[in-house]
Each structure stands twice: as structure tokens, then as C-alpha cells.
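Subject: A structure for you to explore

Hi there,

Here is the structure I promised to pass on to you. Have a look around it first, and then read my notes below.

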Amino acid sequence: MNTAWVPFAGVCALGLGRALTASVPPQPPAADDAQRREAFRYVASDEAAERREAAKTFPTDLWSRDDDFHQREAAKARDWARTHHVRFGDALSAVDQGLRERWPSGSPTPLVATVPPCRPRAIY
Amino acid sequence: MSPARHLLTFVGGSYRTARYVAQNTPLRLALFATLALAAAWPLLSSASMLNEFRDAHVLAHYETAARDSVLHWHQAPLWDPYYCGGMYLLGTPQARFLSPTFLFTLFFGEARGEALTAFAMMIVGLEGTFRYARDRGATRFGALLAAPLFALSGIFAVSPGLGWIGFFGFELLPWLALGVRRALARERMAIVLTAVAAAWCVGFGGTYAAPIAALWCAFEVAEFVVTRARRDRLGLVSGIGVAAAGAALAMALAAVRLWPIMQTLADAPRMIGGTPGNTWPVLVRMFFFPMRPETDNGEFYLGFWVVPAALLGLSRRRSIGLSVAVVLCAWLAAGYEVRPSLFAALRELPFYTTLRYPERFLIPLGLAAATLAGRGISLAETYARTPHARGGRRRFVTLAAFTVASLAIVIDVGPLVAQHALHARERWLSPPPVAGEASPFHQARGSRWALEYYEPMQRGSLSCWEAYPVPQSPLLRGDLKSEERVVEPGAGTVTERSWSPNAIDLDVTLSRPATVAVNQNWHSGWRSSVGEVKSDHGLLTVALPEGTHALSLRFEPRSATGGALVSLVAAAVVVFLGVRARRAPRVSTLRDGVVLALLVATPLVPLVAMAAGPSQKTSPEPPLTPDGRPVVAEGLDEGAVRIDAKFADGVVLEAATLSNPDPAAASDVNLELDWRRSPQVDPGLGIFVHIEPSSGTAQNGDHILLSGVLAPEDAPPDKTLRDVIPLFVPEDARGKTWKIWVGLWHVRRGGSRVRVVDGGHAQVDADRVLAVSFVPR
């Protein structure tokens, strides 16, 4: 290679090296089965109330209501994972598993397994 | 030596060094790479982390899904089963994987690839701006100073934090502009440059970079026409011809992305309403002020430091074109705040109706301002170096202007780089998701707010957000034990033999003809080895005869195959032109022009061959209301409450009916508005719905699509058009009188209301009709 390009290659290599050596912080431990069931119950028990709140925020838009609910649900799952020092992904996985395997949720109404089709708001 | 003398010596030495670096390409690129490294360092240092911003989840997911398709499933990234119940990945406008930077993602993963992409694209932008400024008449020194102004400007600092990596497509804008300028000068290599830059820009995704770049190219052509119209007619025509060849080749090279995107947007048009605008003070703060949290300040930062050099640049007569570009960009960026609104006019054009944020025109304004600054520095530099200016007061003034303007830009590099660190620090980062144990794919209810966590679990997220209405079946479920089933009870069994994004193999045994349903969205690109692929309310199903079948489903959309073929042929033409350009740099004779035209027309062969095949239905089913009825009906349903209000644009509100005329508080009801349109209807009509309780907060249900699926201008005339609006009546509504007022408005043309000509059976107030009134129990 022409030595004139060495400085350029060197800087690019430095950038590449920095990206590749960026460290991953230690992950919290994986949740065990009991914790997963607890996570599911914590997140799912409030589903009816959370959906009601979302409906108040978006009274005329089914997709927006559902989207708002999912934001609340994700926040609850994140909150639970943080306070129990387990992975956030495990809390989300527990919600999926609980819904599929019909774990007891503590919700007064049946959990909803469908979503309204994506209809992004055209006007903000 | 006095300190002043030392300073002058230092400044003079720095200037000579900068000039040397500017004219030496490897050293110049090393300098640009160092600047990009400084700006991208915070991103590179946290490249292992997951950006938790909501948009970042979705946009990063497309890249992850494409990587997974290639590395894990050894397939082309065509279909994404992990999001929205399945979507056309190659046709997703915001996906960016059809770009050379996808190699970073492939080799190093999405998160590290994202940081490296930002770093690499800034280098691309720096060199592009340098070359563009040079072509616009800047000296090497002037162009060197101009480069960071655009390529490190605010948008490139803001977008990584939001996950909007697609905005780095704007770093290709100077290359594309340069390509068009040189093509207008009939340079053969410029055709290659235009085609490659445009195809890269399109492949990089996003809904702003490519359309705005196309406008800039149109501006370059217009400027060329204005400056050449009188003196060189032949050069004018041939230049435009060569530039048109570049544009055609660019379209062909980008066909592998353009065709699928056009199919997606034809299937599910993106509708944007509203009349967004920005006041001048807001635009000034976005462009000149440093970043400040919780404000728009610095979103498109170039800084006040650019002003002296840009003002010097304006003083050149040859800068008129750039000055006009500055004015046009600022006018566009103001949106509807300035009347007449150029932005409103632009939204009348095809492909530009979906632009939502006018302030993004500050990005091309950044390029114009940077180039002007480069030219300003060059003017002063050239004048100071001219012999007649070397002496006396004029020399002092020129040198002073040159020094002040240059130093201001050098100083500006500090805040330009620093803002990248400031925005990077604002990000919400988490450790990346951990891949779970290998498990079969299932659709989950999911959450688009945490989308990046689902694919590593082999789960799809039905929870979906996109900027366009993704065709999504309401029958998708997130709690199924098996993703495939026989719809008719007792008709047989289905077992999954193998599964991958683009290919599903099933063993099916049926005692009678039946339907197999797959828990994914239907798309016209799905093919089956036996039976017929059908859509059941948007769900992917296959109608099969009785017997035992080895059913293979494959996702093979014609737009992907056809687009890839066209792009391949175009790539061969690009290579040929590139090689030929070394021997014959310019298109100089009529024969050259004819050969060029023939070459550029070559990609039409596969295009015509593919387009001549059997037509594919865009949507096999009529649009449905949220409660499952066809939107288009022959007449009113029994029990509909007639209104018969006539609007000025030939639209009639035939009826307005509540699904429950006596709704309770804390319950859901549907309000059905039945419209009828005449054959001539104004495009861009929207429906406004004002929900006004006798006390408390009013709500609105303004929308553009009837029942969320059909635009009024796309609906057939002289039919009843059902517009069903869900309405939640809250607990505190009990005992209050609720009035729902309805009307029509022009969603793009200034937002004015359509006049009510005749209120029919309803009360009218300020061009709105009282549709229903009720008191919740």
C-alpha cells in the first residue's frame, strides 16, 4: 500500500478498534420460573386498568390506544426487572409465555392476545 | 520576536499546512477521518449498547432482521416475520440495509455496525462537501473549511440518539449534487457518480434524504438552464441529456429498493395531514444556537460562526444560485408559517405529499450555507494572494476579513464536534438483549417499545408502529401453541417441517378440502407449492384439496426479483461506463450520446419483461371498517340516522349513527358517519370530528382515511362510504351532554374547512355539522 494512505488507514482502524472493543456491561442474572410467573402476574394484573387509561388518552383511535397500552406494559415490565435485578428481556418473555400458557394473571378481564392493525396517526 | 509576530507566524504556518493537507488527498482524508472520529467517538465507545429510544428499536430491528436473514437463515432479506405479524422487509421505506454500510452490521452486529456507519458516513460527507464546494468554485483551503460545517452539522449529531441512522443518507447529498453538476458538463464518470450516490441514498432508507436530494438535483439542473440558456444552446441540451441519463441509470440501479418500496406504498399509502410550520426565531435557534435539552435548539446546528464567511460568499456574483437555494430552503423550512407556503405547494407533488417536518429543509440549507462559506473564504483568500492587492489598506482589510472568517470556522469545529458528544450523552442505553435458547418461532403480542428484545427470543411482535399503515390482519394472535392450523375444525392436521422467514414447509393431511392458516400477514409475494394462497382478512392462508400434502410456502415477490434484475443490469452498465470514462471522459459527439442512451435503456429490458407478467393484486379484499363490514356499500343500513348535509366539494354526509344510542359512561361505542362523494372530489380532504361535552375537556377524532383504511379521493363515487370511529365514553361523562360536530377540511392546503352548503337535517355551526348528541348514563 502507498504509505501516503497510512494516516487515513490508521485513523479508520482506530475507529473500528474502538467500536469493537467497546465493552458490554455485566448482564443481570436470568429469571427463574418462579420469578417469571411473578413478573407475568405483576405486568398482566393491571392490564384492564391500563387499557382503560389508554382509552381515555385516545378515545377515538383503537391503534393508538393499544400502542399506549404497550408503552405502559413495557414500562411495568422494565420496572419489575429493575427492582428484581433480572433481565428486562426475561420479563417480556414471561409475559409472552404467560399469555400463551394461560398462567394466572390476576386480571379481572381476559387478557387480549390480538392487536388492532397499525394505523399511525396522520395528524399530530 | 514579539508575541504578535509569533502569532502571525503561527497563523501563516497553519494556513500553509492546511493548504498542503487540502491538496493532498490521503492527508485530507486522514484529517476528515480524524474529525469524524472525534465526532463519533462517544458512539463508538458505547457501540456495544442498545439504544432504548422507541424509534431506535424499530429502525435497528430492520437491520437486525436483515442480518439474521443473511447469516442465520442464508436467505435474502425479503420478509420480516418478527414485526407486525410479518411485513415486506425489502419494501420497508425506513430500512437501510441495502447500502454498503450493511457490511458493518453483517460483520459486527447491529449496535456496533450503527456506530461504525455513523463514523463512515461522516467521512463520506466531509469528502463529498469538500469536492462539491471545490466544484462550486471554492479554493482547496475554502473547501477544506466548508466540509465539517455540513458533514458534522446538527442533524448528524441528533439522529444517532434517536436511532434515525437513515438521516446519514444526507451525507450523500453533496456527492449526488456533484454528480449532477459534472453530468451537466457531460462527464461520463459523473453519470456513474450520480447513479451510485442516488442508489446508495435510496438503499439507505428514510423518507426524507432521497426526495430532498432529488429536489436539490432538480435545482442544479434549473440553475444550469438559467445560466446557459442564452449563450450555449447545444451545450444546454446535451448537458441535460447526459444528466437525464444519469438520473435514469440512478433509478435503474436503485430499482431493487425502489420497486419494492413503491409496491409497499401502493398497497398502504402513507397519509400525512396537518399544516406544520416554524417561525423564523425557531428556525434560527435550530440552525445557529447550540443544543439545549428539552428544546429544538441546535437540531440542525451550523452555528453563528459560519456567518462571516457565508456573508463574504454572498458577495460573489457567481453565488446567486446558492443564495437562491438558501432562500428556497429557508422558505420550505418555515412550512405553513409563511404564506404563501412553498412547503404546501411541494406537498401537492407526487412523492412529496408525505413530508411532515418542514424544518428538515434546514439540512440542505446547511449544505448551501457551508458551500457559501467555502466560497467566501476563497474569495478573500484569492484576493489577498493577488499581486494588486498586496499593499496598503485594501490588503489589510482583505487579510483581516480572510483571517476572521477562517478563524471563525475553525473555532466552529469545536462546538460542531462537541454537540455530537452532548447528544450521545443524552441517549438511554441498556446492555444488549441476550439471545435465548433455540426455540421455535412464535408470534407474541409483543411491544414495539421494546422491539429489539423479541427477535433474539425468536418471537415476533404483533404490536406495531410504522410511518405508514402496515397491512396487518386483525386475526393475528399472540398466544397460539402452533403458528399453523387447519381452519375448519376436524378437517385434518398440519405439522411444521421447517421454518424460516422466506420459506415455510408444512406437512398437511386433510380429510376434505380445507384451509391452512399461517399466523402471519398475507402478501401478494407468497407462493405455495400446492393449493392457492389466499388472504382471510389479511391473514396468510392456503386453500388445499383433500389428501396429504407437502406444502411449501415461499415469499418471492415480483418487485424484489424484477427490481434485482433491473439493478444488476444497471450495475453492469455502471461498470462499463466507469471503465469507458477512463479512455473517453466526456460525452462529446452525437454518436456518444446515442450509445449512452442505448446503454441507459438496457435495464428497461428486464423491467418490461417482469412488468409484462401476470398482474398481482395489491389487495385481494375490500377495505373493512373496524367492526368488519365493507367500507363501500350500496346504500345506508337500516336504522341509520339521516343527516343529508351537503359540503362544497361535492361530498354529502348522508347519516350519522351511534352503535348504541344510549351509551353508558365507561363504555365503548362506535360512531358511524356515512359519506357519499361526487365523481369530482378535491384530493387531500380530511374529516374533523369535535367531541364536546357540556363541561370538561373537548376531544377530537380528526382523521384522513375513512374507517382508517380508505382515502375519500380513492373511494368510488355515488356509493355509501362507512366511516366508523370508535369512541370511548369515560367515567366522568355521566350526566353531561355530549355533542359531536363533524366537517371536512383540506389537510394539506392550509387546513381550511370545506363550506357546508346545506345542513340537511342537522344544526350547522362554523362549517361543521352536529352529527350526534347524547347524554351518557
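What follows is a short tour of what I found. Please keep in mind that this is a predicted model.

**Chain A**

Let's begin with chain A, which has five helices and zero strands. Reading along the sequence, you will find the pattern α-α-α-α-α. The C-alpha trace of chain A spans about 70 × 45 × 25 Å along its principal axes. A compact globule of 124 residues would have a radius of gyration near 14 Å, whereas chain A comes out at 22 Å. Of the 124 residues in chain A, 46% are buried. Among the contacts in chain A with a separation of 6 or more, 69% are between residues 24 or more positions apart.

**Where the two chains touch**

How many residues does each chain give to the contact? Chain B gives 66 residues and chain A gives 46 residues. On the side of chain B that touches chain A, the elements that give two or more residues are helix H2 (25-45), helix H5 (110-135) and strand E21 (720-729) of chain B. H2(B) provides the largest share of that side, with 11 residues. Sorted by class, the side of chain B that touches chain A has 42 nonpolar, 15 polar and nine charged residues.

**A helix inside chain B**

Now find helix H8 (residues 173-184) of chain B. Why can we say that H8(B) is largely enclosed by the rest of the structure? The reason is that 12 of its 12 residues are buried. Among them are B:Trp175, B:Gly179, B:Arg181 and B:Arg182. The buried residues of H8(B) pack against several helices of chain B, including H5, helix H6 (140-151) and helix H17 (362-385).

Just after H8(B), look for B:Arg186, which takes a positive phi of about 65 degrees.

**Some strands in chain B**

Strand E13 (residues 539-544) of chain B is mostly covered, with five of its six residues buried. Which strands pair with E13(B)? One of them is strand E10 (residues 514-521) of chain B, which runs antiparallel to E13(B) and is joined to it by six bridges. As an example, B:Thr515 has B:Ala543 in E13(B) as its bridge partner.

Another is strand E12 (residues 532-536) of chain B, also antiparallel to E13(B), with five bridges between them. Here B:Ser535 has B:Leu540 in E13(B) as its bridge partner. E12(B) and E13(B) form a hairpin with two residues between them. In the turn, B:His537 has a positive phi of about 50 degrees.

**One residue to look at**

Finally, please find B:Arg554, which sits in strand E14 (residues 547-555) of chain B. Is B:Arg554 buried or partly exposed? B:Arg554 is partly exposed, because it has 16 other C-beta atoms within 10 Å, and a buried residue would need 20 or more. Leaving out residues up to four places away in sequence, B:Arg554 touches B:Asn502, B:Ala503 and B:Arg527.

Enjoy exploring, and send me any questions!

Best wishes

Terms used: Residues numbered from 1 in each chain as written. Chains lettered and ligands numbered in written order. Predicted model: local features only at pLDDT ≥ 70, side-chain atom pairs only at ≥ 80, totals over all residues. Contact = placed C-beta atoms within 7 Å. Helix = DSSP H or I, 4+ residues; strand = E, 2+ residues; numbered from the N terminus. Nonpolar A, V, L, I, M, F, W, Y, C, P; charged D, E, K, R; others polar. Pairing = 2+ DSSP bridges. Rg over C-alpha atoms; globule rule 2.2 N^0.38 Å. Expected span 1.5 Å × (residues − 1).
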